[in-house]
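Subject: Structure for your files

Hello,

Here is the structure I promised to pass on. My notes on it follow below.

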Amino acid sequence: MPHLQFEINKRLEKKSKQEFITFIEKNFSKIMQTGTDHIAITIREFEKENVSLGRVNNNEYVCLMNLDIRLGRTEKQKLKLVKTFILGVEKFFEINK
């Protein structure tokens, strides 16, 4: 079972989280050519100071992704998945890539 985790240093609206989950399920299913009933998604919200990434300024929002993908997926599939998820984070949570 894939477990897709998103850690964000920003408080999110309930509606944007629901839309994001739908986006993630739909795109994971399409890219990985599988169903959606086994996909686990976790969104963790933290205060701004609790998540850091060296390449961004301290006042910027960050989303760290931990994508537990089973063996047998191609590099092309994984790369497309990551790029799609980054676009989703940008669209639904307004966090720059």
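This is a predicted model: local features need pLDDT of at least 70, side-chain atom pairs count only at pLDDT 80 or more; totals for chains, interfaces and linings use all residues.

Residues are numbered from 1 along each chain as its sequence is written, and side-chain values use heavy atoms, with hydrogens and water left out.

Gln33 sits in the loop between α1 and β2; helices (H or I, at least four residues) and strands (E, at least two) are DSSP runs, numbered from the N terminus. The phi of Gln33 is positive, near 55 degrees, and Gln33 is not a glycine.

**Helix α1**

Helix α1 covers residues 14–32, which makes 19 residues. The expected span of a helix is 1.5 Å times one less than its number of residues. For α1 that gives 27 Å, and the C-alpha atoms at its ends are 27 Å apart, so the two agree.

The buried residues of α1 are Ser16, Phe20, Phe23, Ile24, Asn27, Phe28, Ser29, Ile31 and Met32. They pack against β1 (3–8), β2 (40–45) and α2 (75–93). Ser29 counts as buried because its relative accessibility is 18%. Setting aside residues up to four places away in sequence, Ser29 touches Thr34, Gly35 and Thr36, where contact means heavy atoms within 4.5 Å.

**How α1 meets α2**

Two packed helices are described by the angle between their axes and the distance between the axes. Here the axes of α1 and α2 come within 10 Å and cross at roughly 165 degrees. Axes are lines fitted to C-alpha atoms, for helices over the stretch in contact, and angles run from 0 to 180 degrees between N-to-C directions. The two helices are therefore roughly antiparallel to each other (over 145 degrees; under 35 is roughly parallel, 65 to 115 roughly perpendicular, and the rest oblique). The crossing of α1 past α2 is right-handed, that is, the near helix is turned clockwise from the far one by less than a right angle, with anticlockwise being left-handed.

On the α1 side, the residues that meet α2 are Ser16, Lys17, Glu19, Phe20, Phe23, Ile24, Asn27, Phe28, Ile31 and Met32. Their partners in α2 are Gln77, Lys78, Lys80, Leu81, Thr84, Phe85, Gly88, Val89, Phe92 and Phe93. By class, this contact has eleven nonpolar, five polar and four charged residues (Ala, Val, Leu, Ile, Met, Phe, Trp, Tyr, Cys and Pro count as nonpolar, Asp, Glu, Lys and Arg as charged, and the others, Gly among them, as polar).

Lys76 also belongs to α2, and at 71% relative accessibility Lys76 is exposed. From Lys76 to Ile31 there are 45 residues in sequence and 9.6 Å in space, C-alpha to C-alpha.

**Lys10 and Glu94**

Lys10 lies in the loop between β1 and α1 and, at 15% relative accessibility, is buried. Leaving aside neighbours within four places in sequence, Lys10 is in contact with Glu45, Phe46, Tyr61, Phe93, Glu94 and Ile95.

Glu94 is in the segment after α2. Its relative accessibility is 61%, so Glu94 is exposed. Glu94 has a positive phi, near 55 degrees, in a residue other than glycine.

Regards

Key:
Buried means under 20% relative accessible area, exposed over 50%, partly exposed in between (1.4 Å probe, protein chains only).
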